[in-house]
Amino acid sequence: MLTADIPPNQTIYIKNLNEKVKKEELRRSLYCLFSQYGRILDVVALKTQKLRGQAWVCFSEVTAASNAVRQMQGFPFYDKPMRIQYAKTKSDCLVEAEGVYDPNAKKKKKQEEKAERKRRAEEVQQSATANGSAADNNRGPTSFRPASGGGDQETIPPNNILFIQNLPHGTTSMMLHVLFQQYPGFKEVRMVEAKPGIAFVEFEDDIQSSMAMQALQGFKITPQNPMAISFAKK
């Protein structure tokens with residue numbers, strides 16, 4: 001067993017990751033995937049020669065890390081099964097590109113992440129404003145359409161296609177694929193290029209789509225973006 005010699009702690013170490021995935025996309029996808037187990041303090045993924053294909057996820061609670069290790073072992077992430085164990089030391093979460101511990105790294109990273117969160121929030125706000133002004137010109141796929149408003153949702157019968165809203169800028173189909181494929185009957189994700197922030201997820205039947213909706217309603221891909229899930233209007 002991978003974790004036999006390492007005591008449980010708040011940080012998990014992941015290897016055998018797909019090296020072709022860009023660093024920022026990898027970090028977002030890992031955050032998206034593992035935040036279902038608890039609050040994440042940090043995700044470290046570096047693209048240096050030494051640390052390629054590896055990442056660290058730091059949780060606020062040991063129990064969250066333990067659940068992640070147990071339930072996500074071997075999970076096919078970007079077509080490669082993840083190998084997960086507890087990090088050897090807590091400082092693994094602060095590892096630098098050259099592999100040298102830097103006592104100021106955590107402070108620097110917090111400052112960088114604060115700036116990044118501010119930038120993303122501004123992008124989301126700008127995107128929402130742009131989407132609002134272009135709403136009349138953008139239409140969903142011809143095979144099915146989103147509900148025209150929250151009040152109409154009650155009249156839409158359950159069906160096998162979910163309509164996802166309030167996705168943050170930079171969300172990819174793989175990120176949603178990772179989230180929704182955990183539930184039985186998952187078939188595919190369809191993004192709408194003309195209108196960022198929304199997507200459609202198809203299941204085999206309405207019972208399976210309802211289960212996924214209940215489980216992931218309000219799931220936060222980022223702290224500012226709880227997912228809004230409804231049945232698609234056909």
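Modeller: Helix α1 (residues 23-34) and helix α4 (residues 173-180) pack with their axes 9 Å apart and at an angle of about 20 degrees, helices being DSSP runs of H or I with at least four residues. That makes α1 roughly parallel to α4, a label for angles under 35 degrees. This is a predicted model, where local features need pLDDT of at least 70 and side-chain atom pairs count only at pLDDT 80 or more, while totals for chains, interfaces and linings use all residues. Residues are numbered from 1 along each chain as its sequence is written, and side-chain values use heavy atoms, with hydrogens and water left out.

Biologist: Which residues of α1 and α4 make the contact?

Modeller: On α1 they are Glu25, Arg28, Ser29, Cys32 and Leu33, and on α4 they are Met174, Met175, Val178 and Leu179, with contact meaning heavy atoms within 4.5 Å.

Biologist: Now the rings: how many aromatic pairs does the structure hold?

Modeller: There are six aromatic pairs, counted when ring centres of Phe, Tyr or Trp (its six-membered ring) lie within 6.5 Å, with planes under 30 degrees apart stacked, over 60 edge-to-face and the rest tilted. One of them is edge-to-face, Phe34 with Phe59, at 6.5 Å centre to centre and 75 degrees between the planes. This pair links distant parts of the chain, since Phe34 lies in helix α1 and Phe59 in strand β3 (residues 55-59), 25 residues apart; strands are DSSP runs of E with at least two residues.

Biologist: Are Phe34 and Phe59 buried or exposed?

Modeller: Both Phe34 and Phe59 are buried, that is, under 20% relative accessible area with a 1.4 Å probe and protein chains only, where exposed is over 50% and partly exposed is in between.

Methods
Axes fitted to C-alpha atoms, helices over the stretch in contact; angles between N-to-C directions. Parallel < 35°, antiparallel > 145°, perpendicular 65-115°, else oblique.
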